[in-house]
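Please look at the fold as a whole before turning to individual contacts. The paragraphs below move from the secondary structure to the sheet, the helix and the charged pairs.

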Amino acid sequence: MEVKSQLPDLSKSAGKFTLAKDVAQFANSRLGGILVYGMFTKNKGNGDEVCRIAPISVDERLKKSIEAVLRNQIHPAIANLHIYSVSIDGGNLLYFHVPAQSDPAKPFIVEGSGIVELGKGSVFAVPIRNGGQAIQITGKSLHALLAGKISLSG
């Protein structure tokens, strides 16, 4: 599970890339996971704890925008991905339930132009959730993965 205080700015390429990366990391993990927007956490020494609710505004237009970002920037599509909005304290908590995905569907690749300075063309990432950390697969490991020499499931 990962908790974030606010949704990335989806009017910008970097924000779209970040959202897709945050969701795809769970699809590439062994167990899947839950991503929640609208809460602040604080590290208490033995892990993060939710310390404050920070509701965000969620409407139908935003939901459609989120769905479009995930559809256009994560390949292949994540099976049975569910996006929920829960009303709380005058706003919403937005959460994504990413169930465990089949090994043949992996890796889930995030594509976009997350770094404007790169100019034309696209960049991509293969984010993976490993316990409490999000990591990026390296180019060398990606090559080995695509060549069938390693598995994301470990």
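Two strands are taken to pair if DSSP finds at least two bridges between them, and helices (H or I, at least four residues) and strands (E, at least two) are DSSP runs, numbered from the N terminus. What follows describes a predicted model, in which local features need pLDDT of at least 70 and side-chain atom pairs count only at pLDDT 80 or more, while totals for chains, interfaces and linings use all residues. Residues are numbered from 1 along each chain as its sequence is written, and side-chain values use heavy atoms, with hydrogens and water left out.

The protein has three helices and eleven strands, and from the N terminus on its elements follow the order β-α-β-β-β-α-β-β-β-β-β-β-β-α. Of its 154 residues, 38% are buried, where buried means under 20% relative accessible area, exposed over 50%, and partly exposed in between (1.4 Å probe, protein chains only). Among contacts (heavy atoms within 4.5 Å) with a separation of 6 or more, 58% join residues 24 or more positions apart.

Three strands form an open sheet in the order E5-E8-E9, with antiparallel pairing. Strand E5 (74–75) and strand E9 (123–125) stand at the edges with a single partner strand each, so one side of each is left without a neighbour in the sheet. E5 pairs with strand E8 (residues 109–112) over two bridges in the antiparallel sense, and histidine 75 has isoleucine 109 in E8 as its bridge partner.

Helix H1 lies across E5, E8 and E9 and runs at about 180° to E8; here axes are lines fitted to C-alpha atoms, for helices over the stretch in contact, and angles run from 0 to 180 degrees between N-to-C directions. The expected span of a helix is 1.5 Å times one less than its number of residues, so the 15 residues of H1 (residues 13–27) should span 21 Å, in agreement with end C-alpha atoms that are 21 Å apart. Buried residues in H1 include Phe17, Leu19, Val23 and Phe26, and also the charged Asp22.Elsewhere, strand E6 (residues 82–88) and strand E7 (residues 91–99) run antiparallel and are joined by seven bridges. Isoleucine 88 has glycine 91 in E7 as its bridge partner, and in the hairpin of E6 and E7, with two residues between the strands, aspartate 89 takes a positive phi near 50°.

Which contacts link the side chains of opposite charge? Side chains of opposite charge can pair when their charged atoms come close. With a salt bridge defined as a side-chain nitrogen of Lys or Arg within 4 Å of a carboxyl oxygen of Asp or Glu, the count comes to five salt bridges. One of them joins the side chains of aspartate 22 and lysine 4 at 3.6 Å, N to O; aspartate 22 lies in helix H1 and lysine 4 in strand E1 (residues 2–4), so the pair ties together parts that are 18 residues apart in sequence. Aspartate 22 is buried at a relative accessible area of 5%, whereas lysine 4 is partly exposed at 24%. Aspartate 22 also meets lysine 21 in a salt bridge of 3.7 Å, N to O, and lysine 21 is partly exposed, with a relative accessible area of 22%.

A further salt bridge joins aspartate 103 to lysine 106, their closest N and O atoms being 3.6 Å apart. Here aspartate 103 is partly exposed at 43% relative accessibility, and lysine 106 is buried at 12%. Salt bridges that share partners join Glu2, Lys4, Lys21, Asp22 and Arg129 into one network.
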